[in-house]
Amino acid sequence: MTRNARDFWTGLIYIFFGSSAILIARDYGMGTAIKMGPAYFPTILGGLLLVIGVISVIRSFVIPGTPIGAFAFKGLLLVTVSVVAFGFVVRGLGVAIALPLLIIVSAYGSTRFRWRPTLVMAAGLTIFCVFVFLKGLGIPLPIIGPWLGG
Amino acid sequence: MELLSHLALGLQTAATPANLLYCLLGVFLGTAIGVLPGLGPTATIAMLLPVTFVLPPVTALIMLAGIYYGSQYGGSTTSILVNLPGEAASVVTTLDGYQMAKQGRAGPALAASAIGSFFAGTVATFLIAAFGPPLAAAALKFGPAEFFSLMVLGLVASVVLAQGSLLHAIGMVVLGLLLGLIGTDVNSGTQRFTFGIFELADGIGFVTVAMGMFGLGEIIRNLQDEEERSVLITKITGLWPTKEDFKRMVAPILRGTAIGSVLGILPGSGSILGSFAAYSIEKKVSKNRAQFGKGAIEGVAAPESANNAGAQTSFIPLLTLGIPSNPVSALMVGAMIVHGIQPGPSVITEQPALFWGMIVSMWIGNLFLVILNYPLIGMWVRMIMIPYQFLYPGILVFCAIGVFSLKNTEFDIYFMALFGALGYLFSKLGCEPAPMLLAFILGPLMEEYLRRAMLLSRGNPWVFVQRPISATLLVLAGLAMCSVLIPAFSKTREEAFVEGSG
């Protein structure tokens with residue numbers, strides 16, 4: 001078994017990215033050292049990353065390290081999901097729906113989440129953003145989107 | 001004298017009402033984010049970049065620079081008053097600053113920090129003004145080989161000064177370089193690593209990466225260990241330091257400024273290393289070393305001078321060579337490119353008003369900070385008490401709308417979320433995102449210089465060691481890499497980061 005989970009997983013990530021870079025770059029022209037093609041530099045970097053990844057994995061079996069520790073799955077999930085959801089609905093539903101959605105879903109990630117102050121904050125921030133970003137800076141987003149007939 | 005006429009030009013540029021206003025706005029925002037824990041200058045500058053795109057370039061850069069050195073300043077106020085460093089660079093200030101506040105000497109501590117910072121800022125401004133032009137002149141003789149080696153040195157330095165495993169830091173740099181290559185290859189027009197996705201043809205925006213890794217990633221990390229932030233506010237009485245205090249401040253401020261200025265120029269370090277080094281040196285040489293940790297004014301004056309000096313001298317490589325030395329200046333390189341200014345040694349000669357205006361604005365900004373901070377201390381302290389659960393949804397909103405506004409596409413929002421998750425994952429695995437962001441921005445430039453250098457040398461890779469300047473830079477990079485392997489240095493490096501992240 002591996003004795004250093006950090007080294008092991010980081011190594012695997014590096015190997016994945018390194019080998020993907022080399023494989024994908026095979027479709028591009030390699031060129032020569034004098035006139036480098038689009039594949040030249042990525043292939044060098046991919047190779048380098050692959051080597052670093054392999055060293056890291058090997059090292060993980062030799063030198064013990066500290067464990068990774070608990071993952072904040074709730075925070076990770078809610079923060080990324082709320083942001084992605086915002087992107088999905090912002091054009092269709094408009095910021096009047098998308099912003100409170102982003103605020104409430106992400107705020108739920110806190111252990112000290114409470115409904116009342118969160119709703120107040122969502123309303124306040126949404127109004128602020130409509131005035132500053134949509135009216136003030138002219139960002140082309142609807143307040144009420146076409147999905148709602150806006 | 002030439003220097004004086006340059007500074008006069010700078011003053012002319014910086015002192016226009018609009019530029020003064022944005023400089024003030026910058027240092028004000030900077031102080032605010034320096035006060036707020038969990039929101040660093042990198043994420044804030046990334047968030048505000050889209051807003052600055054509507055400003056003229058000089059004004060935008062003046063404001064961005066103000067945010068950066070303002071944040072160094074704000075961090076120290078809360079370190080002293082409530083023992084909470086808003087910024088990593090002001091961690092050491094808590095050691096003696098908070099002790100002084102507990103003894104009812106918050107006023108003199110704040111004064112020491114303000115005077116030290118202002119003095120250091122003034123000296124650093126003159127250093128940039130004095131060393132900028134000759135450095136840029138020397139850099140104008142640089143060919144592609146030299147630029148390539150210079151970037152290698154910059155990346156190596158960021159690796160050496162990164163936290164955690166050296167191998168992982170190198171891996172992050174290579175990964176960053178690779179990610180930077182996504183998009184259309186300028187030479188052949190080939191779409192690289194775009195997977196047929198139209199939005200990737202221009203590559204991934206650096207703001208998207210920075211907001212994701214530093215904004216979102218940081219929020220997820222903070223949600224993991226939400227700690228209770230109970231704040232004991234000490235009463236501030238007697239703002240003015242005594243004569244004795246002044247006497248004790250002078251030497252530490254001078255030493256702190258010197259140490260901070262030198263370390264600030266080093267790529268990758270910014271101001272964290274400077275404040276730590278200044279504190280530990282002061283602890284060794286001071287006559288009052290027994291008092292350190294128990295409220296010695298020297299222990300506030302030295303690191304505060306150092307971090308402010310470092311924050312400012314870190315602009316030297318950026319303004320003269322176009323090479324960013326930390327994530328903040330990497331964002332500024334991006335901002336310059338968006339404004340149509342190619343960062344590099346030619347900025348001084350082609351855009352003298354921009355260069356000198358920015359330098360003079362730094363001095364003005366420091367003056368603002370001193371004036372701004374005394375009357376507003378009460379407000380900053382109240383600001384630190386905003387609970388984090390109300391702060392971070394707001395940050396997310398600004399990030400999401402900000403990143404959308406760059407190109408008016410939802411696509412960037414998804415990428416930001418992806419980099420947020422990646423940033424959290426990498427931080428769990430002990431890999432620092434800062435070297436990666438630096439590499440991400442340098443990636444396309446490095447490839448371009450590598451191509452040109454190889455074309456000029458007709459494919460001879462030895463060109464990098466045959467040209468003396470390039471060879472010197474590579475030797476320096478090699479030495480920096482080896483220094484990590486020396487036990488004494490790596491021990492100091494560990495210590496610096498243990499205290500720095502503590």
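The legends below describe close-up views of a predicted model.

**View 1. Chain A as a whole, built from helices.** The secondary structure of chain A amounts to 5 helices and 0 strands, so that its elements read α-α-α-α-α from the N terminus on. The C-alpha trace of chain A spans about 55 × 45 × 25 Å along its principal axes. Chain A has a radius of gyration of 24 Å, whereas a compact globule of 150 residues would have one near 15 Å. Of the 150 residues in chain A, 37% count as buried. Among the contacts in chain A that join residues at least 6 apart in sequence, 65% link residues at least 24 apart.

**View 2. Helix α5 of chain A, residues 115-136.** This helix has 22 residues, and the distance from its first C-alpha to its last is 30 Å, close to the 32 Å expected at 1.5 Å a residue. At A:Cys129, α5(A) bends by about 25°. A:Cys129 is also one of the buried residues of the helix, along with A:Thr118, A:Met121, A:Thr126 and A:Phe133. The cover over these buried residues includes α4 (95-107) of chain A and α17 (388-407) of chain B. After α5(A) comes A:Gly138, with a positive phi near 70°.

**View 3. A:Val90 and its surroundings.** A:Val90 lies in helix α3 of chain A, which covers residues 73-93. A:Val90 counts as buried because 23 C-beta neighbours lie inside 10 Å, and the cut-off for a buried residue is 20 or more. Leaving out residues up to four places away in sequence, A:Val90 touches A:Val95, A:Ala98 and A:Leu141, and also B:Glu410 from chain B. A:Thr66 is 24 residues from A:Val90 in sequence, and the two are 42 Å apart in space, C-alpha to C-alpha.

**View 4. The side of chain B that touches chain A.** Here 51 residues of chain B are in contact with 58 residues of chain A. On chain B, the elements giving two or more residues to this side are α8 (166-180), α9 (206-224), α17, α18 (411-428) and α19 (433-456). The largest share, 10 residues, comes from α17(B). Sorted by class, this side of chain B has 31 nonpolar, 12 polar and 8 charged residues.

**View 5. Helix α9 of chain B.** α9(B) has 19 residues and reaches 26 Å from its first C-alpha to its last, close to the 27 Å expected at 1.5 Å a residue. A bend of about 25° falls at B:Gly212.

**View 6. The largest nonpolar core and A:Leu49.** This core has 209 residues, and those with the most contacts inside it are A:Leu49, B:Met211 and B:Ala400. Helix α6 of chain B, residues 106-140, gives the most to the core, with 17 residues. Not counting residues up to four places away in sequence, A:Leu49 touches A:Tyr14, A:Phe17, A:Gly18 and A:Ala21 in chain A, and B:Gly171, B:Val174, B:Leu175 and B:Leu178 in chain B.

Notes
Residues numbered from 1 in each chain as written. Chains lettered and ligands numbered in written order. Predicted model: local features only at pLDDT ≥ 70, side-chain atom pairs only at ≥ 80, totals over all residues. Helix = DSSP H or I, 4+ residues; strand = E, 2+ residues; numbered from the N terminus. Expected span 1.5 Å × (residues − 1). Bend = angle between axes of the 7 residues up to and from the residue. Buried ≥ 20, exposed ≤ 12 C-beta atoms within 10 Å, placed from the backbone. Contact = placed C-beta atoms within 7 Å. Nonpolar A, V, L, I, M, F, W, Y, C, P; charged D, E, K, R; others polar. Core = buried A, V, L, I, M, F, W, Y, C linked by C-beta atoms within 7 Å. Rg over C-alpha atoms; globule rule 2.2 N^0.38 Å.
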